[in-house]
Amino acid sequence: MEQQPNFRARAFLALTLLIAVPSCAYGLDKLNMCMDAKHHKTEPGPEGKLYKQCTPWRENACCTANTTEEAHEDNSYLYNFNWNHCGTMSEKCKRHFVQDTCFYECSPHLGPWIQQADESWRKERILDVPLCREDCETWYNDCKDDHTCKDNWHKGWNWTTGINQCPRNAICRKWSEVFPTPQSMCEKIWSNSYKYTDLTRDSGRCMQMWFSGPNPNRKVAEFYLNRAPRTAAMTGSPVSFLAVLLLMLLR
């Protein structure tokens, strides 16, 4: 019985350390991770031969070379998605969707925006990733003269032929009629995966789809992760289980 006070003191010290440290350790994982989705690697790492528009991620990527090559193909095996569902999509518009695919498949710094997804083809998704204004507006301006029949491309297609087609009675309309603003396009087209912002690339507070050289998005993710509530940062952390266990022992 004489050892009980010493045990309590040691346990209290260990608990203090666990509370002080884990959010940082867990945060480091969130800054360099791959989501649990259809074509993503388990962990990010170097990929020396990424294809064309996906090459900026070659130093640290969640995608493979094969994935990036397919990202540049019409009706690729990645998702059998048909960009040309309302006539042939212009090349200047299509390059943004290729870049969007590279960003989604390859980015290792999307941790702060990864959410669970109840979908057959992926267990996790991204939600409300803040896009830089230039990236969103350039995407919109390069597509505004193209045509589509839907404002949400995640769901509601006719897949009877194996590739997406416009649903029955859907009318192909000019892009700017379906998406009246850059914000409506960036936020609606992939079910709020992205969030339109007035932030510019030099702000360090928005994610860039287009970049060269070192990936600027890690610092952005770190900024948003540090803003997250402490309890949220610890949610799901294995260390939090130990903290609970120690609390029980202290009773």
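Me: Let's start with Asp128. Why does Asp128 count as partly exposed?

Reply: The idea is to compare relative accessible area with two cut-offs: under 20% is buried, over 50% is exposed, and partly exposed falls in between. Asp128 has 35% relative accessibility, so it lands in that partly exposed class. Keep in mind that this is a predicted model.

Me: Where is the place of Asp128, and which residues does Asp128 touch?

Reply: Asp128 sits in the loop that runs between strand 2 and strand 3 (129-131). Leaving out residues up to four places away in sequence, Asp128 touches Trp113, Asn192, Ser193, Tyr194 and Lys195. Trp113 is 15 residues from Asp128 along the chain, with 6.7 Å between the two C-alpha atoms.

Me: Now one for contrast. Is Ser107 buried or exposed?

Reply: Same cut-off as before: buried means under 20% relative accessible area. Ser107 has 6%, so it is buried. You'll find Ser107 in the loop between helix 4 and strand 1 (114-119).

Me: What does the side chain of Ser107 make a polar contact with?

Reply: For this one, look for N or O atoms within 3.5 Å, one able to donate a hydrogen and the other to accept it. The Ser107 side chain makes such a contact with the side chain of Trp57, at 3.4 Å. There is also the backbone oxygen of Phe103, which is 2.5 Å from a polar atom of the Ser107 side chain. As for touching, Ser107 has Met33, Trp57, Cys62 and Cys102, with residues up to four places away in sequence not counted.

Me: Helix 4 came up there. How many of the residues of helix 4 are buried?

Reply: Helix 4 is mostly covered, with 13 of its 16 residues buried. A bit of background on helices: with 3.6 residues a turn in an α-helix, residues three or four places apart point the same way. You can check the geometry of helix 4 (residues 91-106) too: from first C-alpha to last it reaches 22 Å, close to the 22 Å expected at 1.5 Å a residue.

Me: And helix 5, which of its residues are buried?

Reply: In helix 5 (residues 133-143), the buried residues are Asp135, Cys136, Trp139, Tyr140, Asp142 and Cys143. To see what does the covering, look at the contacts of those residues. The cover includes helix 4, helix 6 (175-178), helix 7 (182-188) and strand 6.

Me: How should I read the largest pocket, and how much space lies in it?

Reply: The largest pocket holds about 650 Å³ of space. It is lined by 30 residues, and those closest to its centre are Tyr79, Phe81, Trp121, His154 and Trp190. By class, the lining has 13 nonpolar, 8 polar and 9 charged residues.

Me: Which element supplies the largest share of that lining?

Reply: That's helix 4, with 4 residues. Helix 3 (65-71), helix 4 and strand 2 (122-126) each give the lining at least two residues.

Me: One last residue. What does Thr200 touch?

Reply: Thr200 touches Cys132, Arg133, Glu134 and Cys206, again not counting residues up to four places away in sequence. Its side chain also has a polar contact of 2.5 Å with the side chain of Asp202. Thr200 is in the loop between strand 6 (194-196) and helix 8 (217-227).

Me: Zooming out, how many helices and strands does the protein have?

Reply: There are 10 helices and 6 strands, and buried residues make up 45% of the 251 residues.

Notes: Residues numbered from 1 in each chain as written. Predicted model: local features only at pLDDT ≥ 70, side-chain atom pairs only at ≥ 80, totals over all residues. Heavy atoms only, no water. Expected span 1.5 Å × (residues − 1). Buried < 20%, exposed > 50% of the residue type's maximum accessible area, 1.4 Å probe, protein only. 1 Å grid on protein atoms, 1.4 Å probe; cavity = no way out; pocket = protein on both sides within 12 Å on 5 of 7 lines; lining within 4 Å. Points joined across faces, edges and corners; volume = space filled by probe spheres on them. Nonpolar A, V, L, I, M, F, W, Y, C, P; charged D, E, K, R; others polar. Contact = heavy atoms within 4.5 Å.
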